[in-house]
Amino acid sequence: MKFKTIFIVVLILIFVHSSSILAQEAPIATESATTGQSLIKQAEADYRYQYDLYRNAHFDYVRTKKIWQSSKSLKAEQEAITAAKLVATTRVDVLSAYIRWVRLQLLEFASVYPKVVDIAVRLEAQNNLLLVHKTKIESVTTIIDFDKIMAEYSDPLATSARNSLFAIAQLELKLANLAYYQHQSRSLYDPVLKIVEPKTGIPEVESGLVRIKQLGDTINTELVDLGNFSGSLESESFSEQSFFKKANERLSQLHTNQINLLNFIIELESRYGHD
């Protein structure tokens, strides 16, 4: 008998830690938003706590597996099964905590980026599947049954669908952030526009307004295109490495455009935004 390898590196979780394109911030400084941010911070802490438990459980699993493989005793076998079940169930706990963390962040932006609601629903459905998987693990008593359940979890199609959903959720979360920033830029720009529009006879003002409009249109188009890009990830050929590379490149450029847009608005406001 043999155990299948159950320590799977989940790249989408690594992406959460390594990506520095955008910090997750509260979109609106209200009491409800403050409560939302508190829940998000608690969810992140829970995710990191569960991840530590998972790493410890995996270490114990490797140790007991080696003992069983060398001794082949019934006692060592049962200890190895117990350790394998623990690491498999704690992995579900990690993913479940991760899903809650991401869902809470997504739903913070529902008012400015409604698409996140659908992603949040899909994440919850995925979480329910994981909890069913956990229940199956807890009921097994033999290595054969354990390997059978883990084979279901590791099915290539199921794995691809799960990983692509997590990748889409991360992309949509960053797009939601950018959509919020775009919304804020617009709220800053409208009052400035009312003041500077009558001054379009000044070449610099006219040029600035044209560039702001061009950048705004480019950003809005890219937000839509990136949303469509996330929808194209629903395939068996999904590759985390390729996705993260392409997504980060496009998100970085989009964020750069937004910074340039804000700089133009600030410059116009400081030089010509006063009566």
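This report walks through the helices, cores, surface and salt bridges of the structure above.

What you're looking at is a predicted model, where local features need pLDDT of at least 70 and side-chain atom pairs count only at pLDDT 80 or more, while totals for chains, interfaces and linings use all residues. Residues are numbered from 1 along each chain as its sequence is written, and side-chain values use heavy atoms, with hydrogens and water left out.

The protein chain has eight helices and zero strands, so helices here (DSSP runs of H or I, at least four residues, numbered from the N terminus; strands are E runs of at least two) do the work of describing the fold. Buried residues make up 45% of the 275 residues. Buried means under 20% relative accessible area, exposed means over 50%, and partly exposed is in between (1.4 Å probe, protein chains only).

How far apart are the end C-alpha atoms of α3? They are 49 Å apart, which agrees with the 50 Å that its 34 residues should span at 1.5 Å a residue. That expected span is 1.5 Å times one less than the number of residues. Of those 34 residues, 24 are buried, so α3 is largely enclosed by the rest of the structure.

Helix α5 covers residues 143–153, and its buried residues are Ile143, Phe146, Asp147, Ile149, Met150 and Tyr153. Looking down the axis of α5, these fall within an arc of 165°, so they line one face of the helix. The arc is taken from the directions from the helix axis to the C-beta atoms. Ile144 and Lys148 are exposed on the other side of α5.

## The cores

The largest nonpolar core has 67 residues, and Leu106, Leu123, Leu171 and Leu175 touch the most other members. At least two residues come from each of α2 (31–71), α3, α4, α5, α6 (156–196), α7 (203–231) and α8 (240–272), with α6 giving the most, 17 residues. Apart from this core lies another of five residues, including Trp68 and Ile143. A nonpolar core is a set of buried Ala, Val, Leu, Ile, Met, Phe, Trp, Tyr and Cys residues joined through side-chain atoms within 4.5 Å.

## Salt bridges

Side chains of opposite charge can pair when their charged atoms come close. The whole structure holds 13 salt bridges, each a side-chain nitrogen of Lys or Arg within 4 Å of a carboxyl oxygen of Asp or Glu. One of them joins Asp52 and Arg55 (2.6 Å, N to O). The two are three residues apart in helix α2, which means they are separated by about one helical turn. Asp52 is partly exposed at 35%, and Arg55 is partly exposed at 47%.

In helix α7, Asp217 and Lys213 are four residues apart, again about one helical turn, and their side chains meet in a salt bridge (2.9 Å, N to O). Lys213 is exposed, with a relative accessible area of 55%, whereas Asp217 is partly exposed at 39%. Over in helix α8, Glu267 and Arg271 are also four residues apart, with their closest N and O atoms 3.9 Å apart.
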